[in-house]
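Have the structure open as you read.

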Amino acid sequence: MAILGLQLQQRFPVLTAVCYSRLISATIHAPAVASVSSLSCKLKKWNNGGRLPRRLVVGLGASFWAQYMNMAGNSKSFIASARLKGAVEQFTKSPCLASQALQNVEWPEQFPFKDEDFQRFDETSDSLFYEAPRFVTHIDDAAIAALTKYYSEVFPPSNTPGVSILDMCSSWVSHFPKGYKQERVVGMGMNEEELKRNPVLTEYVVQDLNLKPKLPFEDNSFDVITNVVSVDYLTKPLDVFKEMCRILKPGGLAIMSFSNRCFWTKAISIWTSTGDTDHALIVGSYFHYAGGFEPPQAVDISPNPGRSDPMYIVYSRKLSTA
């Protein structure tokens with residue numbers, strides 16, 4: 001299975017939670033977001049102590065191994081410690097009307113993840129992995145359209161004087177609304193050829209955030225930070241989110257979007273061994289423990305549940321006093 005996965009991931013992003021039979025057939029549809037009751041049941045089971053070897057979980061996907069993890073337990077990781085009382089909300093036409101899923105989380109006092117939670121199946125150089133440009137999209141057209149629509153409703157109006165945007169983990173496309181422009185749109189990514197092809201960028205920076213999480217920007221520089229389907233690759237997320245807080249202007253917006261696709265050999269262990277609802281919880285924890293952000297919110301903008309790629313947003317704003 002590992003060999004098959006290594007062959008596939010060089011060409012296509014694969015699902016985070018894909019069962020054994022689906023991996024063999026290369027099917028790319030994932031289970032729906034878990035219900036609150038089923039997640040609560042998992043949390044209780046995961047809190048029994050003991051741990052399966054994380055390497056067994058990585059790559060084979062949560063759907064296949066979840067039953068074994070549930071029986072054996074998963075120590076006292078964040079998923080076992082925080083109690084989620086709401087599901088990922090359904091996005092409505094006005095984001096401010098959406099229910100507040102992540103506000104019902106009882107956060108542990110200390111950041112509950114361990115170093116092993118941020119290990120990857122492939123620990124070789126990320127620069128080598130991203131050396132060749134990939135001029136492809138990693139979510140389907142319907143999910144892209146949903147993300148673009150969301151951006152159109154929360155971004156500052158196009159050509160607003162003084163507005164700066166950072167597209168973190170960027171590539172040759174940012175999925176911004178058609179014709180959207182600002183005086184400064186910075187792309188930060190791993191492949192220069194991809195960044196050069198991105199038409200919305202006014203400048204770009206090539207940087208490996210897993211080696212250098214320090215962002216090369218002044219304090220209070222950006223109004224918006226975006227990250228599309230790449231938050232799951234960050235091995236030092238708290239460092240990065242603290243830097244995001246530093247460079248955002250007071251009240252600035254950070255938008256982390258993700259689906260159920262990834263290069264599973266490069267995604268962090270805690271991501272590949274959990275499901276969509278848990279992912280919202282994980283990203284929310286980054287905002288919470290980084291400090292300086294408002295309580296994070298989760299939004300489900302999936303356009304056609306069960307028929308296209310799901311699409312989720314976890315967002316927060318920098319505190320006006322931070």
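## Rings on the inside

Phe-113 is buried, and Phe-118 is buried too. Keep in mind that this is a predicted model. How do two such rings get described? A pair of aromatic rings is described by the distance of the centres and the angle of the planes.

Now try Phe-176 and Tyr-180. Their ring centres are 6.1 Å apart with the planes at 90°, so this pair is edge-to-face as well. Phe-176 and Tyr-180 are both buried.

## Rings that link up

The count of aromatic pairs comes to 16. Ring pairs also join into a cluster, made of Trp-107, Phe-111, Phe-113, Phe-118 and Tyr-289.

Next up is strand β6, which covers residues 222-228. Is β6 mostly covered or uncovered? Mostly covered: 6 of its 7 residues are buried.

Which strands does β6 pair with? One is β3 (residues 164-170), which runs parallel to β6 and is joined to it by 4 bridges. Another is β7 (residues 248-258), also parallel, with 6 bridges to β6.

To get from β6 to β7, the chain passes through helix α10 (residues 237-247), making a right-handed β-α-β crossover.

Note on methods. Residues numbered from 1 in each chain as written. Predicted model: local features only at pLDDT ≥ 70, side-chain atom pairs only at ≥ 80, totals over all residues. Heavy atoms only, no water. Phe/Tyr/Trp six-rings, centres within 6.5 Å; stacked < 30°, edge-to-face > 60°. Buried < 20%, exposed > 50% of the residue type's maximum accessible area, 1.4 Å probe, protein only. Helix = DSSP H or I, 4+ residues; strand = E, 2+ residues; numbered from the N terminus. Pairing = 2+ DSSP bridges. Right-handed = clockwise from strand over helix to strand, strands pointing away.
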